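Hi everyone, thanks for coming.

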Amino acid sequence: MWQGNIEMRSPVVAFLLANVFTFSAPLKVMAETCEAENSAFNMPILLSVALVGATVGGLLARQRRGELKRLNEQLRQINAALRRQAKIESYAPTLSYSPVGGRILESEVIVDPRKEELISRLKSGKNFLRNQDPEKASVEFKTALGLAQVLQDPTEEKKAARGLGASLQRQGKYREAIKYHSLVLAISEREGEQSGNTEAFGAIADCYTELGDLEKAAYYYDKYIARLETD
């Protein structure tokens, strides 16, 4: 009877064991297949993203290096031009221009009291700049600019705009400074004379460099260099 039970159970055990191996093996194979397919599907995407990122990063880095190289070359040219010239005035040191038709002396008799105040404000602004107080200087130059515009005096308007741009630049207000340095160029175009343009181009280029806009900085450095070589 014991032997009969073993013989009767053996087919059942054999059947169960056969089914266990039959079902377990395909599931494992299927799992490995799914994993392999999933890996094969995802790997190209991940690799593509990595390659695109690396390519874009490389292009930006090369572009940045190119801009810096160009700026470096421009600065080299500027230094060479400055060496060729015995005396080149930096922006807003004296705030004096020589308008077409001869220099107007500040010692001339001033009839309009507004003109007297204008000259006084320009002198005061220049002194504040010299004493490293650009905030007070900007107040004086802004008042002077308004007076010059009311009096329709382009020479003094340029001085005031130039001084205001310089004082704002020294405060780190580069976008505002660009506005007033650009006003110097606009007055030159309006009046048909170019005094002060060289320094204005250089100052605008410096402002854009500080702002990190190397493309615009390079554009204005080119103009600055061209003016240095022809002045």
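Let me start with the residues of α5 that are buried, meaning under 20% relative accessible area, where over 50% is exposed and in between is partly exposed, with a 1.4 Å probe and protein chains only: they are A177, I178, Y180, H181, V184, L185, I187 and S188. A quick word on where this comes from: it is a predicted model, in which local features need pLDDT of at least 70 and side-chain atom pairs count only at pLDDT 80 or more, while totals for chains, interfaces and linings use all residues. Residues are numbered from 1 along each chain as its sequence is written, and side-chain values use heavy atoms, with hydrogens and water left out.

When I say helix, I mean a DSSP run of H or I with at least four residues, and a strand would be a run of E with at least two, numbered from the N terminus. Helix α5 covers residues 174-191, which is 18 residues. From first C-alpha to last it reaches 26 Å, close to the 26 Å expected at 1.5 Å a residue; that expected span is 1.5 Å times one less than the number of residues. After α5 comes G192, with a positive phi near 75°.

What covers those buried residues? The cover includes α3 (134-151), α4 (154-170) and α6 (197-211).

Let's look at α6 as a partner. Helices α5 and α6 pack at an angle of about 155°, and their axes are 9 Å apart. Axes here are lines fitted to C-alpha atoms, for helices over the stretch in contact, and angles run from 0 to 180 degrees between N-to-C directions. That makes α5 and α6 roughly antiparallel to each other, since angles over 145 degrees count that way, under 35 as roughly parallel, 65 to 115 as roughly perpendicular and the rest as oblique. Their crossing is left-handed, which is to say that the near helix is turned anticlockwise from the far one by less than a right angle; clockwise would be right-handed.

Contact means heavy atoms within 4.5 Å. On the α5 side the residues meeting α6 include Y174, R175 and H181, and on the α6 side they include F201, C207 and E210. The residues of this contact divide into twelve nonpolar, four polar and two charged. Nonpolar covers Ala, Val, Leu, Ile, Met, Phe, Trp, Tyr, Cys and Pro, charged covers Asp, Glu, Lys and Arg, and the others, Gly among them, are polar.

**Helices α2 and α3**

Now to the next pair. Helix α2 (residues 113-130) and α3 also meet at an angle of about 155°, with axes 8 Å apart, and are therefore roughly antiparallel to each other. The crossing of α2 and α3 is left-handed. Among the residues making the contact are R114, E117 and F128 of α2 and K136, E140 and L147 of α3. This contact divides into twelve nonpolar, three polar and seven charged residues.

A144 lies in α3 and is buried, with a relative accessible area of 0%. Not counting residues up to four places away in sequence, A144 touches L118, R121, L122 and A160.

S167 sits in α4 and counts as buried at 0% relative accessibility. Beyond its neighbours within four places in sequence, S167 is in contact with L129, P134, A137, S138 and F141.

Finally, L228 is in helix α7 (residues 214-230), and at 2% relative accessibility L228 counts as buried.
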